Amino acid sequence: MRWFVGLLLLLLLALQYRLWTGDGSLAEVQALRDEINAQKVELQQLRARNQVLEAEVLDLHEGLDALEERARSELGMIKRGELFLQVIEEPAEDASQKSASSAAGEGP
């Protein structure tokens with residue numbers, strides 16, 4: 001009878017070892033659950049991005065306003081009869097140096 005209890009105890013220890021460290025262990029199951037949750041978050045973000053892109057495609061197919069806006073912003077196109085003005089500002093360093101030299105009484 002004593003050897004039977006020892007055998008059962010040894011079997012219990014072996015099963016506990018597999019539960020904690022073996023294939024399909026609790027740690028592995030938890031890691032897989034974490035990975036699934038991360039993939040769900042990524043999938044949600046990709047679905048939202050796809051909805052934005054789908055709305056943009058529909059807008060481009062149906063209306064000329066979106067097409068015109070895209071041509072203006074990305075391609076720099078203008079309509080006939082419009083006047084294109086480009087404002088070029090001086091870099092911030094040059095402007096601060098000029099103001100400092102003007103304050104010191106130096107000429108332009």
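Biologist: How many aromatic pairs does the count come to?
Modeller: The count comes to 1 aromatic pair. The rings are those of W3 and F4, with centres 6.3 Å apart and planes at 80 degrees, so the pair is edge-to-face. Keep in mind that this is a predicted model.

Biologist: Why is that edge-to-face?
Modeller: Planes over 60 degrees apart count as edge-to-face. The planes of W3 and F4 stand at 80 degrees, so they pass.

Biologist: What describes a ring pair in general?
Modeller: Two things: the distance of the centres and the angle of the planes.

Biologist: Is W3 buried or exposed?
Modeller: W3 is exposed, with a relative accessible area of 65%.

Biologist: And F4, what about its relative accessible area?
Modeller: For F4 the value is 39%, and F4 is partly exposed.

Biologist: Which residues form the nonpolar patch on the surface?
Modeller: W3 and F4 belong to it, along with M1, L7, L8, L11 and L15. Together they have about 820 Å² of accessible area.

Biologist: Where is M1?
Modeller: M1 sits in the segment before α1, and that helix covers residues 2-21. M1 counts as exposed, at 73% relative accessibility.

Biologist: Let's zoom out. How many helices and strands are in the chain?
Modeller: There are 4 helices and 0 strands. Starting at the N terminus, the order is α-α-α-α.

Biologist: What share of the chain is made up of buried residues?
Modeller: Buried residues make up 4% of the 108 residues.

Biologist: And what does the accessible surface come to?
Modeller: About 10,400 Å² for the chain. Carbon and sulfur atoms hold 60% of that surface.

Biologist: Is A66 buried or exposed?
Modeller: A66 is buried, with a relative accessible area of 15%. Buried means under 20%, so that value qualifies.

Biologist: Where is A66 found?
Modeller: In helix α3. The C-alpha atom of A66 is 8.2 Å from the C-alpha atom of E56, and these two residues are 10 residues apart along the chain.

Biologist: New topic, charges. How many salt bridges does the count come to?
Modeller: The count is 3 salt bridges.

Biologist: Which residues are linked in a network of salt bridges?
Modeller: The network links E68, R72, K79 and E82.

Biologist: Take E68 and R72. How far apart are the closest N and O atoms?
Modeller: They are 3.3 Å apart in this salt bridge. Both residues are in helix α3, residues 64-75. They are 4 residues apart, so about one helical turn separates them.

Biologist: How exposed are those two?
Modeller: E68 is partly exposed at 30% relative accessibility. R72 is partly exposed too, at 32%.

Biologist: What about E68 and K79, how far apart are the closest N and O atoms there?
Modeller: In that salt bridge the closest N and O atoms are 3.4 Å apart. E68 lies in helix α3, while K79 lies in the loop between α3 and α4, which spans 92-103. The pair therefore ties together parts that are 11 residues apart in sequence. K79 counts as partly exposed, at 45% relative accessibility.

Biologist: And E82 with R72, what is the N to O distance?
Modeller: The side chains meet at 2.9 Å, N to O. E82 is in the loop between α3 and α4, and R72 is in helix α3. The two are 10 residues apart, and the pair links distant parts of the chain. E82 is partly exposed, at 35% relative accessibility.

Biologist: Which residues gather in a patch of negative charge?
Modeller: D59, E62, D65 and E69 gather there, on the surface.

Biologist: Which helices each supply at least two residues of the negative patch?
Modeller: Helix α2, residues 26-62, and helix α3.

Terms used
Residues numbered from 1 in each chain as written. Predicted model: local features only at pLDDT ≥ 70, side-chain atom pairs only at ≥ 80, totals over all residues. Heavy atoms only, no water. Phe/Tyr/Trp six-rings, centres within 6.5 Å; stacked < 30°, edge-to-face > 60°. Buried < 20%, exposed > 50% of the residue type's maximum accessible area, 1.4 Å probe, protein only. Salt bridge = Lys/Arg side-chain N within 4 Å of Asp/Glu carboxyl O. Areas by Shrake-Rupley, 256 points an atom, 1.4 Å probe, with all protein chains shown as cover. Patch = residues over 30% accessible without salt bridge, like charges linked within 9 Å, V, L, I, M, F, W, Y side chains within 5 Å. Lys, Arg positive; Asp, Glu negative; His and termini not counted. Charge placed at Lys NZ, Arg CZ, Asp CG, Glu CD.
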